[in-house]
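This report goes through one protein model by topic, from charged pairs to disulfides and annotated spans. Please keep the sequence and the coordinates open beside the text.

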Amino acid sequence: KCPPGTYYEANTLTCTLCPLNTYQDIESSSECKSCPVLHYTSQEGAENENQCKAACEIGEYSQTGLQQCIACPIGTYQNETRQVSCRMCSEDKTTWSVGAYSEHQCTTPCSPGHYSPTGFEPCMPCARGFFQSSEQSTECIKCEGSQMTLAVGTSDVTQCLEINPCKPNPCFNHADCLNDNGKVKCQCSSGYFGDRCDIEIDHCDIKLSCLNGGTCMSNNESYTCECPHGYSGFYCEKKTRNCLEGTCLNGGTCIDNGNSHHCECLDGFSGNNCEQNFDDCFPGACQNGGTCFDSGKPQSANKFYCCCPKGYYGPLCDKPIECDSIHCANGGTCLHDKCLCKPGFIGELCEKKINYCLLRPCHNHGTCINNQVNFLCECAPGFKGDLCEHRVPIDYDMVFVSQNTSIYTIVNTTKDLYALTISFWMKVESSDTEHFGTPISYSYLSPIDKHTELTGLSFYNSEELIVYLHGMELRTLTRRTSDGIWHHYLMTWGSFDGTWRLYKDGEQVADGSGVGVGIPLWRGYMVIGQDQNTLGGGFRQIDSFKGIISQVNLWDFAMEVEEVKQLYRSCGYIGNVIGWPDFQTTLPDGTFVTSSPSDICSGLDKCGQNVKECHCHNNNILNSTLCENRLETCISNSCQHNQLCRTLNNVSFCDCHGYTGKFCHYDINECLYGNGGCTHECINTHGSYSCNCPKGFTLDTDGHTCTSLRQCLHKGLLYAEKEEWTDGCEKCNCIKGKVKCHFKKCSQIDCL
């Protein structure tokens, strides 16, 4: 009889020990029993099922590699199962807790003057007014009383000093500085305001200004009016009369100069009161059929003017108009004294651009962009078509069947994000423990310093979900979920203080602050399925994602907790920057696989079934914009930068101009793209911008174009400063870069 732990081997007629991972608990058996799935024995000859043990998980070890297991101690880690020891972290690194399962968890303790929630890197410097003299700290110590430190990152209590922020005086324009518990308060002198009294009050912008064309001149205390001729008084409200009926004769016009008057006479008349009649025209004075008009100024060089027929110009109509003297604008071509315009332009000199967007041809709140020969509709998220007339399907999943650099989709954003919310569903099979990959990546080129950031906003599905934001690695301590189950991920961030939060399946799992403070996430490229090593490209197979992704959406604000839970419970939402339907319009042909209807959405509620929801695909875009920025009430007016709070459709919101964000708290830099439309220098200001011209140029009435003070362009011809010329029946002058013309007056004709 073979005892337990053995079996009868018929070939050798002996009792043989049960091999590894098997056992036998009864006598006289011809074979051994297999251990349960994922259970193992430490040696041969196991006599019962209790000797079959589960393997040690990652982050654990034992003498046999089987249960009972011990968590890896501080300073070690183990990224494989069924191990008999743990691996040491590299020199100068350790772990902040037992049970580390990845080399990425080996890190460096925070140095003095720094801290983090774990006491290990990534660390943040102690703020001003705080210090920390120890390593591996989770918080900083506040200086006593009103003491402050000179800089951030202070490591010694002796650097806590009584600092007077008013020395030297940071206030401008002779303002007094007050020390308010270490903070500066400026008491402005008369005529100035602002945090540092650096803004001069312009009294001409308020209340009653100057009347009747008077010029307002602001000073420290008030303002004065410089009145035109014929008016007086503080506001130029009093009219002085020097012109009476009959003062100027022969149809002359009386001009009141305030203290006197003068007469502007019709052609052919002169004298103080236009009492003298004369005519300097003679037969043949004007050539080529031109009509002569007396100038009414016999003592001047120009005693008469010629009104020229079509095809001639010059003081005597003696110069034929040729293509050499005609300058067709906007690429037009001169042919037989006429301009042939390129598509998109009209006018005698092709000077007028056709605006194809006047009729608002784009549907569903698409943005119309005017170009040379037509218009282009830039569609809102969730729509496509030449006129944005088609709604893009939303009920589908993207299946990444293998790690392949040709399987991806890309969307180019056109908006700088001062805050954001990104949301997506992801499923990775439980059998896939080798392929990690990058489900989502985002890259951009900074318009300020031209720096290329390839990890602007990226998610890396390693043993731990790692997030990159503005190039900074954010450790989430969220283990990879390769369990064949759908999981929802959502992240919010705002540049005001750099606060970020990560949610998994509707619950917050990680957070932090100080990331990208004051720096928008610049417009760039979002790629699903690949990591970017160049802008929008440079993919590597090792970084390619394998799994299923669905419902990827991007918004330009940070959602509240209740909105996060809504997105976890239901399907059918669309981001206001990038919507899930937008990725379907950029799917490449060939190896890409989509699954419709959506697997994850079949088990969730559909948004908007009972009530209208802000981000639901079936909501009106205008209503979506209102409820995304809704406020509780306008009574307290929480809008910043003096922006107005308005109520529309029973929804209160901040009406931002020159600013963006729910509370208008982010300034828009209009000069970053297209130079703000300025032909020369663009200057960004808080809530607005202005165009500036170099010396020798003046700003045109459109507020964008700089024109030369030394010459004028009139109907394709250039004229020098102060030059006079005749254009048909008009007399024109070039004055400081601007053309001024007025009609000639015909002299009286007596018929005999």
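With which residue does R87 form a salt bridge? The partner is E80, and the closest N and O atoms of the two residues are 3.2 Å apart.

## Basis of the model

This is a predicted model, in which local features need pLDDT of at least 70 and side-chain atom pairs count only at pLDDT 80 or more, while totals for chains, interfaces and linings use all residues. Residues are numbered from 1 along each chain as its sequence is written, and side-chain values use heavy atoms, with hydrogens and water left out.

## Salt bridges

A salt bridge is taken here as a side-chain nitrogen of Lys or Arg within 4 Å of a carboxyl oxygen of Asp or Glu, and by this rule the count comes to 9 salt bridges.

The side chains of E507 and K565 meet in another salt bridge, at 3.4 Å from N to O. Because E507 lies in strand β49 (residues 507-512) and K565 in helix α1 (residues 561-569), the pair ties together parts that are 58 residues apart in sequence; helices (H or I, at least four residues) and strands (E, at least two) are DSSP runs, numbered from the N terminus. E507 is partly exposed with a relative accessible area of 48%, and K565 counts as partly exposed at 24%. In the salt bridge between D543 and R540, the N to O distance is 2.8 Å; here D543 is buried, with a relative accessible area of 6%, whereas R540 counts as partly exposed at 44% relative accessibility.

## Disulfides

With a disulfide defined as a pair of cysteine sulfur atoms within 2.5 Å, the structure holds 33 disulfides. One of them joins C89 to C106, with an S to S distance of 2.0 Å, and its torsion of -70° about the S-S bond makes the link left-handed. Both C89 and C106 are placed in the loop between β10 (87-88) and β11 (114-115), 17 residues apart. C89 counts as buried at 10% relative accessibility, and C106 counts as buried at 7%.

A disulfide also joins C286 to C306, where the S to S distance is 1.9 Å and the link is left-handed with -90° about the S-S bond. This pair links distant parts of the chain, with C286 in the loop between β26 (276-277) and β27 (291-294) and C306 in strand β28 (residues 304-307), 20 residues apart; C286 and C306 are both buried. For C634 and C645, joined at 1.9 Å from S to S, the torsion about the S-S bond is about -80°, so the disulfide is left-handed. Because C634 lies in the loop between α3 (621-628) and β55 (644-648) and C645 in strand β55, the pair ties together parts that are 11 residues apart in sequence, and C634 is partly exposed with a relative accessible area of 22%.

## A buried glutamine

Q78 is found in the loop between β9 (76-77) and β10, and it counts as buried at 2% relative accessibility. Taking contact as heavy atoms within 4.5 Å, and not counting residues up to four places away in sequence, Q78 touches I58, G59, E60, C72, Q83, S85, C86, R87, A100 and Y101.

## A nonpolar surface patch

L445, Y525 and L535 make a nonpolar surface patch of about 230 Å². Patches are made of residues with over 30% relative accessible area and no salt bridge, like charges being joined within 9 Å and nonpolar side chains (Val, Leu, Ile, Met, Phe, Trp, Tyr) within 5 Å; accessible areas come from the Shrake-Rupley method with a 1.4 Å probe, and for residues only the protein chains shown count as cover. Y525, found in strand β50 (residues 524-528), is partly exposed, with a relative accessible area of 31%.

## Annotated spans

In an unreviewed entry, UniProt places the feature "domain: EGF-like" at several spans, including residues 162-198 and 630-665; such annotations may be inferred rather than shown by experiment. Residues 162-198 are 0% helix and 32% strand, with end C-alpha atoms 27 Å apart, while residues 630-665 are 0% helix and 33% strand, with end C-alpha atoms 15 Å apart.

Methods. Buried means under 20% relative accessible area, exposed over 50%, partly exposed in between (1.4 Å probe, protein chains only).
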